[in-house]
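Let's take a walk through a protein model together. Keep the sequence and the 3D view open as you read.

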Amino acid sequence: MAIGYHVLTGIVMILVISGELVPGKGTCQGDIQGLMRECAVYVQRPGPKVNPSAACCKVVKRSDIHCACGRITASVQKMIDMDKVVHVTAFCGKPLAHGTKCGSKSITS
C-alpha cells in the first residue's frame, strides 16, 4: 500500500508541476521528473522531517521552485507537507524568499 501511495504522490505532483492539472498555466523549467524521483520522499506526508539527499539537492538547485510552488493545489497539499518543502529548499541552498507563497503557505522567515 505504501509503494502505491508513493507512486500516486509522484504522478500527481509531476502533473501539477508540469502544468497538466492547473488550467491556463505553462510548464516549469528544470528537471521535474528528477525532482519527483529524488525529492518526493522528503516532502510527503506522513513522516518526520529529514534532510534531503545530495541527489535531491542537485535537482532542486536546477529547478524553478518558485514556479513549482505556484502549481501546488489543495489536493496536492493533502499529500505533501509544506513545512518539509520549505525545509528541503532551504537545506539545498535555495531557500524560498520571505513573502513567497508556496501552495497555501506564505513564507514569513
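## A left-handed link

Let's start with Cys-57 and Cys-92: the torsion about their S-S bond is about -70°, so this disulfide is left-handed. Here the two sulfurs sit 2.1 Å apart, and a disulfide is counted when a pair of cysteine sulfur atoms lies within 2.5 Å. The link ties together distant parts of the chain, with Cys-57 in helix α3 and Cys-92 in the loop between α6 (82-91) and β1 (101-102), 35 residues apart. Helices (H or I, at least four residues) and strands (E, at least two) are DSSP runs, numbered from the N terminus.

Both ends, Cys-57 and Cys-92, are buried. That word has a cut-off: buried means under 20% relative accessible area, exposed means over 50%, and partly exposed is in between, using a 1.4 Å probe and protein chains only.

## What you are looking at

This is a predicted model, in which local features need pLDDT of at least 70 and side-chain atom pairs count only at pLDDT 80 or more, while totals for chains, interfaces and linings use all residues. Residues are numbered from 1 along each chain as its sequence is written, and side-chain values use heavy atoms, with hydrogens and water left out.

The chain has 6 helices and 2 strands.

How many disulfides does the structure hold? There are 3 of them. As a reminder, a disulfide is a covalent bond between the sulfur atoms of two cysteines.

Another one joins Cys-39 to Cys-56, with 2.0 Å from S to S. Is this one left-handed or right-handed? The torsion about the S-S bond of Cys-39 and Cys-56 is about 120°, so this disulfide is right-handed. It connects distant parts of the chain: Cys-39 is in helix α2 (residues 32-43) and Cys-56 in helix α3 (residues 54-61), 17 residues apart. Cys-39 and Cys-56 are both buried.

Then there's the disulfide between Cys-69 and Cys-102, also listed with an S to S distance of 2.0 Å. The angle about the S-S bond of Cys-69 and Cys-102 is -75°, and the link is left-handed. Again, distant parts of the chain are linked: Cys-69 is in helix α4 (residues 65-69) and Cys-102 in strand β1, 33 residues apart. Cys-69 counts as buried because its relative accessibility is 3%, and Cys-102 counts as buried because its value is 0%.

In soluble globular proteins, nonpolar side chains tend to be buried together. In this model, the largest nonpolar core has 20 residues, and those with the most contacts inside it are Val-60, Ile-80, Val-88 and Cys-102. α2, α3, α4 and α6 each supply at least two residues of this core. The term covers buried Ala, Val, Leu, Ile, Met, Phe, Trp, Tyr and Cys residues joined through side-chain atoms within 4.5 Å.

Which residues does Val-60 contact, leaving aside its neighbours within four places in sequence? They are Leu-35, Cys-39, Ile-65, Val-88, Thr-89, Cys-92 and Lys-94. Contact here means heavy atoms within 4.5 Å.

Thr-100 is found in the loop between α6 and β1. Its relative accessible area is 10%, so Thr-100 is buried. A polar atom of the Thr-100 side chain lies 2.7 Å from the backbone oxygen of Ala-97. Beyond its neighbours within four places in sequence, Thr-100 is in contact with His-66, Lys-105, Ser-106 and Ile-107.

Now find Asp-83 in helix α6. With 39% relative accessibility, Asp-83 counts as partly exposed. Not counting residues up to four places away in sequence, Asp-83 touches Lys-49 and Lys-105. Asp-83 and Ile-107 are 24 residues apart in sequence, and their C-alpha atoms are 9.8 Å apart in space.

## A cis bond and some totals

Arg-45 and Pro-46 are joined by a cis peptide bond, with omega about -20°. Pro-46 is in the loop between α2 and α3.

For the whole chain, buried residues make up 43% of the 109 residues. Among contacts between residues at least 6 apart in sequence, 67% join residues at least 24 apart.

Methods:
Polar contact = N/O pair within 3.5 Å; in protein donor to acceptor, adjacent residues only side chain to side chain.
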